[in-house]
Structure formats: structure tokens, C-alpha cells
Amino acid sequence: MSKTEVDPATGEQTTGHEWNGIKELDNPVPRGVLIFVVVTHVFAILWWFLMPAFPLGWTYTRGLLGIDQRATVEQAISANQAERASWTSAIETSSFDQIQADESLMAVVKDTGPQLFGDNCGACHGFDASGRSNYPDLTDGDWLWGDGSAEAVAETMRVGINTSHPESRFAQMPAFGRDGMLASADVRTVARYVYSLSHPEFSTEENLESIAQGESLFAENCSGCHGAAALGDAETGTPNLTDAYWLYGGELDQIIESVHGGRAGHMPTWDERLTPVERKVLALYVHSLGGTTP
Amino acid sequence: MAGSLTGEERRTCLLILGVLALCALGIAVPGRWDPIGVHGLMVVLLCAGAAGYLLLRLNVPEPSPEELSGYYDAPIKVGVGLTMAWAIFGMFVGVWVAAQLAWPDLTFHQAWSSFGRLRPAHTTGVIFGFGGNALITTSYHVVQRTSRAPLADRVSPWFVLFGFNLFCLLAVTGYAMGLTQSKEYAEPEWYADIWLVIVWVTYFVLFLRTLARRKEPHIYVANWYYLAFIVVVAILHIVNNLAVPITLASAKSYTVWPGVQDAMVQWWYGHNAVAFFLTAGFLAMMYYYLPKRADRPIFSYRLSILSFWGITFFYMWAGSHHLHYTALPHWVQTLGMSFSVMLLVPSWASAGNALMTMRGAWHKLRDDATLRFMVVAAVFYGLSTFEGSFMAIRAVNSLSHYTDWTVGHVHAGALGWVALITFGSLYTLVPSVWKRQSMYSNALVELHFWLALSGTLIYIFAMWNSGVIQGLMWRTYTENNALAYSFVDSLVAMYPYYIARTVGGFLFLLGAIVGSINIWLTVRRSPASQAAPGVYDRPHDLDPTPNAAE
Ligand code: HEM
């Protein structure tokens, strides 16, 4: 049945099999392939002797080199920690003032701060920390909490704002309109007053009367938190309503929105997610962005 | 379609559709408050549509005895159409998800179009839809021709083809509704998985029965590979998808595999899906259509044997290279790595066997883009298997893992190897099955080749660059032993490469569209082949064959 023949193009013998016109040559496996088989197998067998390789019931062959991935990782981590200890221990034990006075430690802050900020904070505050709608700008020198000192920033990071941390900072602006504390006309009126504080040009002749009404509504409802002059209070995280810095927007309809629906921004707590050293570095880094000089 | 079946076969089809519709109803009614109910209803409607089609054609004349004893090519013709339709769908979604990675707003705020749902729609669309249909279609062609026997019966080829496409449809529509088992390349839920088992076992039996009827003394290499593909995919699919549904009226299920064992089973499955779905079956195509087109004998039968058994044996142990540096015990990783290195030999032997087959036919590459598709595919096969073995080395993997390098590697294989060998095979198969002189336009084949090749190269160079940059950025430390870059820095660095990848993918998609148009025009417009039906166009027992005459 099968008849071997010689392939005219190469002069090589076929196997004599044929399938729908396809034939096969009877060439041996090229020597290069066999060498390749030997090399890879020798490598594999050698590797099995050197490394953990085969199961033995409840245990396994450990390999002559005694390498174990878990141990390797642990060693790498502690080696890295040992090297970092040159600056981590100094940062851990020094006060903020001491660190700020130490140029080499501040160089570390500038070197590692941006990555920590990028990995943990940038998604909300923007990667250059300049904030965006609903997330405060950390570079503008206008602070909701404290004076923007490294200590104040570190504390905000530790406990967070409106979180479940037992010492969390709380900043909740009531929903005056939605919860029926003010009629919607009054919400508008008080908002117009608030708007006029940062927009003097709004206090035109025809607006003066309603602004005055708003002022008295403010005194009754708002001054307890925002202060009589609406200057806010950095102890309680109540924003200053007279300046150009707005968390939720300073346009009239945005202010109406704030008063109608209330506000309570959520800043996570980093107490457990970052180490004290990392929080210190971050606090110093945020502080160094120039946020203390308005 | 119906005209190729006898009256009795048409009634058998109706019976099967009835049983399937009843089962689907049994799911649709109790599951009406769950996505599974939507799927049940969908199947009932599809069965009703198919039954209606058949009922309207019950009186269409039956095929002649002459036709009944010849090769059964009707399912192949439908399979070619399905292959190209899934190619366009899958690759379009691929371009879409690629664009989403550069411009995330391209979800248009719909749940179904979020990245997490579209990405599996892409992978299922191209791997199972495009690749799977190409495999089933060409296997029907190759097994008949190389066995000189028609398919063993005329109902089960349709059952397998449409049943498999139903599985793909359930998968893709399921993702849109948020259904997933969260196992990569095995996302469809339990009921779709059970359905695929039924379809696949039928496929296996059909293939074996056809081989058993063969008129050739030996089984051709291509059929070894198709058989390995069918058998191993069945095993992989069943083991990896063992799961317990929370109730029979819900699509949700939980896998039976716990913890790290689940991860190991998943990547044993995942890697062998690459091996037996995306490699073995396509090697089968290569072993048939490349020598056919080049008109050259296979370089070495013995090399074929060595590579076949090498590939089937070594791949099985290599899956753990997907889990280097994880909770998986170190010794399992060592085995995965060392078997991956040994695997390179049979892989290169297959690619080499294909390229050596070209001796005496290299000059044909200049004018024959179809042959060029297949030869370049063999080169990409060699390239991506070398890359794979390299990436399986733990130290290399510590750089490449989790990066776009993997995606680049996948696409050197998926575009360069799987898709190119498929297009080359289809351009050989289509004129032969439709009995046309040639493809409608060789210029369009040529255009498709260059679009596909440039798209592939742009894609993989973009991903190699972005992957290596990512990997390096993640492991670069400052002098203070702190990470030099935040994760977002690495994302920003990816942006230009994600745009380049989108462009490369778009070119590839364009090529697939050009190919589909060309196939359509070949079927509709190409002049019929003038040559008398070749001796090999008919099964052995109908023909006085030259072998017998000699
Ligand atoms: C138009 C051409 C294509 C484009 C633009 C494209 C694009 C993509 C994209 C964007 C991803 C997700 C990558 C990520 O998660 O970062 C992906 C994944 C994938 N694609 Fe494609 N693709 C194309 C064609 C194909 C083809 C033809 C196949 C196979 C036949 C394929 C197989 C895969 C596989 C297996 C993955 C998963 C990779 C992994 O697990 O990391 N693709 N593709």
C-alpha cells in the first residue's frame, strides 16, 4: 500500500504515507533538537536538586541550596528595613521641629513624600495636592483644621474626618433645607448673604434689603458654628465663608446646595494603614507644599 | 442547511430542539427573578426560531444519494461565517477595551460597558468565538479529507457547532448582566458550563467515529492534535468548573476548590487552555493547510512525533508558572518553571518542522499572501513560545508578572500565531469548500496580511515597552530605599503605549473586516472551479483512486 518515494526538491525519502496529497519525509530528528533536549533536561534535573522540587507526603524535597521563597522575602524585607533604619529611626524619635531643622532628614521627606502622597492621597486631593471640587486644596494656606502645621496635618491624617476612628474629627454641616429647618426661600436668602461676603459687588442697592434679612437668618442659624463674622473656626473644622477658598464651590447656586443638603466630607483615617513614620513624612511633605503662608 | 439533511434527520433536529427548549423552560420559570431566567427565555426563543426554520423546510427535497455519501461540508460553510462574525465582534470589543484603558470615559456610564464586563466579552469573543469556531470548522474539513471518510453522521456536526455558539452567546450576554465565576477564561456560570460538557462530549464522539471510519491506514498528525485538543479541553473544563449553584433558580455558584488550590486548578486550566485550545488545535491547522498550500511534504514525521508527545506531556505541568511568588508552595513553582523550560524543545520543533517544510517552496511566499500568513504564524509561534519559556523563569517573571509584558506576550501568540494561522487556513479552505478557482481578490488577501502584520507588531512592541517600563518603575528604589515612583506615575507612563495599542488593534480589526468581505465576495462572485472534481474531493470508496490503480 504505502510506497516510499524520493522528494524531487530535496532528494529525501518519504515515509510512504499520504493523506489527501500530503506526504511526509522520513528525516531523522535533527541532531540540534536532540542536543537541545539534553541541555534543557540537564538544566531541569539540576534545578530539581538545587531547589525545593518534589512533594514527599506532608513535606517536600528542600533542595541543596536550602532556598525557600518565604524566607527569602522575609530576609529581603528586613534587609531593606535595616537600611532604611538610618533615617526611619531618626524620624520616629524626633519632633517635627527637630526634623524640620535637619536638612538631611528633610531631604528624605522630599525624596519619599511624593510617592507616598501619590499612592495614598492623590486620587482625592489631586497628584499635586491642589485639590478639586469636594476635596480641599492642601497648598493654598487655607485650612479647615488647625493652622497647617505639620502637627495639625498629622493629626488630621491619624484620626481622619467624619470616620469611625474613636477620636475622629467631625465636621458636619446640617441639611437646613432638606431637613426642614429653613424654608426654601430662607435658604436662598441666607445664601445670598453668604455669597455677598466674598463678593462685595453683589451688595447693590436692590439687594441690600434681602442681604440684611439673610444676615439676621445667619445670626440665628449659622453663627453658632461659623462665627458671628462667618470667619469659621479651625478648632471645629468649620470653614471661613468670607474668603475665596471654597470646598464645595462659591457660586450662589453651589452655596444654596450646601445650605439645602448639608455637607460632611469624608477624609479617611490613616492610623492603621500607614506607619507613624510614613504619616510623619507625609505631614511634613504636605506642610512643605507651602500651605502655611496664605 | 435544511436541504442537506434527510427528512428523518430534520425530525431528529426538531426533537433535540424540543428537549432543549423544555430544559430551558425548566430554568426560565423558577429563575424568572434572576439573570438565569433571561438566559432560559433566550434559549427557549432561539429553539423556537430554529424549529420554525426547520418546520418551514420539512418539504424541501432531500439530498441525493450521491450527496449523502460525499463529504459533508454544509456545517463547514456555516462555521466559516460564524468564525468571521465572532472575529469582528471580539476584535471590535478588543479595540474598545484598549481605548478604555487610554480614555476611561468610553464606558458612557453604562454598567454593561464597564471595563470589567467588556474585557471578558473580548477574550471570550476572540478565544472561544473566533478561535473555537475556527477549530471546529477546520476540524470537520481536515478530518474528512485526511480520513477519506465523510463525517460520521449529519446531525451531531450541527449540534456541536450551534451548541458551542450558544455557549459563547450565553457567556457574552451573561457578562453584560454582570454574571461571572471570576475565573479567567472560565467566566461563564454553571449551567452554561454543563451545556458545554454535553456539546463537547458529542464533539469527541463525532470525531472518534469519523476517524474510525477512515479509509487511510494511518491517522494524520493534524488529527492527533485535534483529538488532543478535544480530549484535554473536556478534562480541563470539567475539573476547573466544578461548582455548586446556590439554588437551581440562580445563576450564582461557588467553586468547590478552596484557596490556593483554586488558584492552582485555575492556572492548570488556564495554561492548558493556551496549550490545547490555542496551540494544539491550531498546530493541527498548520499541519494540514501549510503543506497543502506550499505543496510540500512535511519535513520530518519523526519530528512530528517528538513534538506532539513533548507538547502533550510537558504542558500539563507548566501551569504553576502563572503563580510564581505567591502563596503556592515553592516546590510547585520550581516544577512549573522547569517543565516550561523543557517545553521549549517540542514547541520549537513544531515551528521548525513547519518552516523546514517550506524548503523548495520559499519562492512562493513572494506572491502568495495566504502561504505567507501561515509561515509568519509559525515564526510568531516560535517567538512567543520562546518568550513564554523565558518568562516562566522565576527571576524574569518577577519583572514581567502583573505588567503589560504578559499582555504583549499573549498577543504575540493570539494575533501573530492563532489569528494569522486561522486566516491563512481559511483562505485555503474557502475556495476549496465552495469549489472556487481562488479567493475573489488576491489583492485583498495581500492587504489583509499587511494590516494584520503591522497591527500585531505595533501591538506587541507597545506592550513590551510599557510592560518593561511598568515592571522597572515598580521596583526602582531611591537612595533612601524608598520606592522611586508611585503607582500612578507608572500609569501616566503607560498612556502613549495604550494609544499605540489601540491603533495596532484597530489595524488588525480592519484586516479582519477586509478578510470577511473577501470571503463573502468569493462565495458570491468568484467563478466556479473549472477543474474536474479532484480525485481527493470525494471519499475513498466512491472513487477509483490513483493509489488503487497503481
Ligand atoms: C483587535 C485586536 C485585539 C485587541 C485590540 C485586543 C486588546 C486586548 C486588551 C486591551 C486586553 C486587556 C489587557 C489588560 O487587561 O490590560 C486583551 C486581553 C486579552 N486578549 Fe486581546 N485584543 C485583540 C485580539 C485578540 C485575539 C485575536 C486574541 C486571541 C485569539 C486575544 C486574546 C486575548 C487574551 C488571552 C487576553 C488576556 C491577557 C491576560 O490574561 O493578561 N486578543 N486584549
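With which residue does A:Glu12 form a salt bridge? The partner is B:Arg359, and the closest N and O atoms of that salt bridge are 2.7 Å apart, where the term means a side-chain nitrogen of Lys or Arg within 4 Å of a carboxyl oxygen of Asp or Glu. Between chain B and chain A the count is three salt bridges.

Before I go on, please keep in mind that this is a predicted model, in which local features need pLDDT of at least 70 and side-chain atom pairs count only at pLDDT 80 or more, while totals for chains, interfaces and linings use all residues. Residues are numbered from 1 along each chain as its sequence is written, chains are lettered from A and ligands numbered from 1 in the order in which they are written, and side-chain values use heavy atoms, with hydrogens and water left out.

Turning to the whole interface, 54 residues of chain B are in contact with 50 residues of chain A, contact meaning heavy atoms within 4.5 Å. The two chains bury about 4,700 Å² between them, 63% of it on carbon and sulfur atoms; this is the accessible area (1.4 Å probe) that two parts lose on being put together, summed over both. Of the area that chain B buries against chain A, 14% is supplied by B:His330, B:Trp331 and B:Asn481, more than by any other three residues.

Finally, a word on chain A, where the domain assignment, automatic or from a database, gives domain 1 (1-67), domain 2 (72-167 + 268-288) and domain 3 (184-261). The centres of domain 1 and domain 3 of chain A, taken over C-alpha atoms, are separated by 82 Å.
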